[in-house]
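Hi there,

Here is the structure I promised to pass on to you. Have a look at it first, and then read on for what turned up.

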Amino acid sequence: MDKYRHSIRILAPVLFSWLISPESAAAPGIDALTVTGNQSGGQTYTVTIQILALMTLLTILPAMLFTMTAFTRVMIVLALLRQALGTAQTPSNQILLGLSLFLTIFIMLPVFDRVNEEAVQPYLNEQIDAKAALEKASVPFRSFMLRQTRETDLELFLRISGKEEIDAPEAVPFSVLLPAFVTSELKTAFQIGFLIFLPFLVIDLVVASVLMSMGMMMLSPLIISLPFKLMLFVLADGWTLIIEMLAASFFI
C-alpha cells in the first residue's frame, strides 16, 4: 500500500503540470482517429480507435450476456420459482440477478476457459491477430449454443432466412444461431417452470378446497398456503435441488 501511495505522490505533480501546460490548454480536444501510413502501403490506426471500439463493445455486453450464455434460462426459472412460491418480491430482483449471474459464470466456466486458452492468451502474446482471435473465441460459444439449441428451432430460422442448405451445424451463421438458441432457452425455461409449479399448485388447490368446505370463502387461500409451500420447499432443500437441476440441464 505504501508503495502505491509513493507512486501516486510522484505521478500526481507530473499529471497536474501536463494538464495545465500551454500545449494541453491550447489543444481543442482529443483526436478521435489518427491514420499513419507504413512502407507496405497499408494504414495503421492509433490506440484511440481501439478504445472507441472497446467502449462501443461494452454497450452490447448485456445483450451478449442474455443471448449467448445460460443467463436466460437461469433467470426465468428463478423468477418462475418465486412466482410459484407466492412470495411477491422475496427474494428481491437484485438477489435473483446476482444469483443468476454467478450461476451463469459457474455454468459457462468451461467455455470461458477454452476461450481464454485458444483466443485470449495467444492474442495477448501476439501469436495471432484480432480477427483470428475473434474466430477462435466464437468456436466454444458456437459449440455450447448448438448443444442447447433444438433442431426444430434451428430449422425454423434457417427456413425463414432462406439458408436451408447448410453442410454442417458448425457452418450455421451466428445471425441464425442466436435467435434459435434464445428461442430454445425460452422453451426449456418454461418447461422447467411448469414442473416447478405443479407441487405448489397442488397445495393451493388443497387449501382452497378445505377453505371452501369450511365456508371460509372470504379468506384468501394464498395466506394459508404460503406457510405450507415454504415448509415444503425448505424440507425438500429446494434451493439446492433447483440450482443442481439448472446446472445439470446444461451438461446432459
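Glutamate 118 counts as partly exposed, because its relative accessibility is 34%, and that value falls between the 20% and 50% cut-offs. Its salt-bridge partner is arginine 114, with the closest N and O atoms 3.1 Å apart. Arginine 114 is partly exposed too, at 32% relative accessibility. Both residues sit in helix α6, 4 residues apart, which is about one turn of the helix. Please keep in mind that this is a predicted model.

Arginine 73 pairs with glutamate 185, and here the closest N and O atoms are 2.6 Å apart. This pair joins distant parts of the chain: arginine 73 belongs to helix α5 (residues 71–85) and glutamate 185 to helix α9, 112 residues apart. Are these two partners buried or exposed? Arginine 73 is buried, because its relative accessibility is 2%, and glutamate 185 is buried as well, at 0%.

Aspartate 153 forms a salt bridge with lysine 187, their closest N and O atoms being 2.7 Å apart. Here too the pair links distant parts of the chain, with aspartate 153 in helix α8 (residues 151–161) and lysine 187 in helix α9, 34 residues apart. Aspartate 153 is buried at 2% relative accessibility, whereas lysine 187 is partly exposed at 35%.

The largest pocket holds about 1000 Å³ of space. It is lined by 27 residues, and those closest to its centre are Leu57, Leu61, Met64, Leu134 and Ala137. Helices α3 (47–59), α4 (61–68), α6, α7 (130–148) and α9 each give at least two residues to this lining. By class, the lining has 21 nonpolar, 4 polar and 2 charged residues.

The second largest pocket holds about 230 Å³. Its lining residues include Ile192, Pro199, Phe233, Gly238 and Met245. Two or more lining residues come from each of α9, α10 (221–235) and α11 (238–249). Which element gives the largest share of this lining? It is α9, with 5 residues. By class, this lining has 11 nonpolar residues, 1 polar and no charged ones.

Threonine 104 is buried, because its relative accessibility is 2%. Leaving aside residues up to four places away in sequence, threonine 104 touches Thr69, Ala70, Phe71 and Val74.

Best wishes

How values were computed. Residues numbered from 1 in each chain as written. Predicted model: local features only at pLDDT ≥ 70, side-chain atom pairs only at ≥ 80, totals over all residues. Heavy atoms only, no water. Buried < 20%, exposed > 50% of the residue type's maximum accessible area, 1.4 Å probe, protein only. Contact = heavy atoms within 4.5 Å. 1 Å grid on protein atoms, 1.4 Å probe; cavity = no way out; pocket = protein on both sides within 12 Å on 5 of 7 lines; lining within 4 Å. Points joined across faces, edges and corners; volume = space filled by probe spheres on them. Nonpolar A, V, L, I, M, F, W, Y, C, P; charged D, E, K, R; others polar. Salt bridge = Lys/Arg side-chain N within 4 Å of Asp/Glu carboxyl O.
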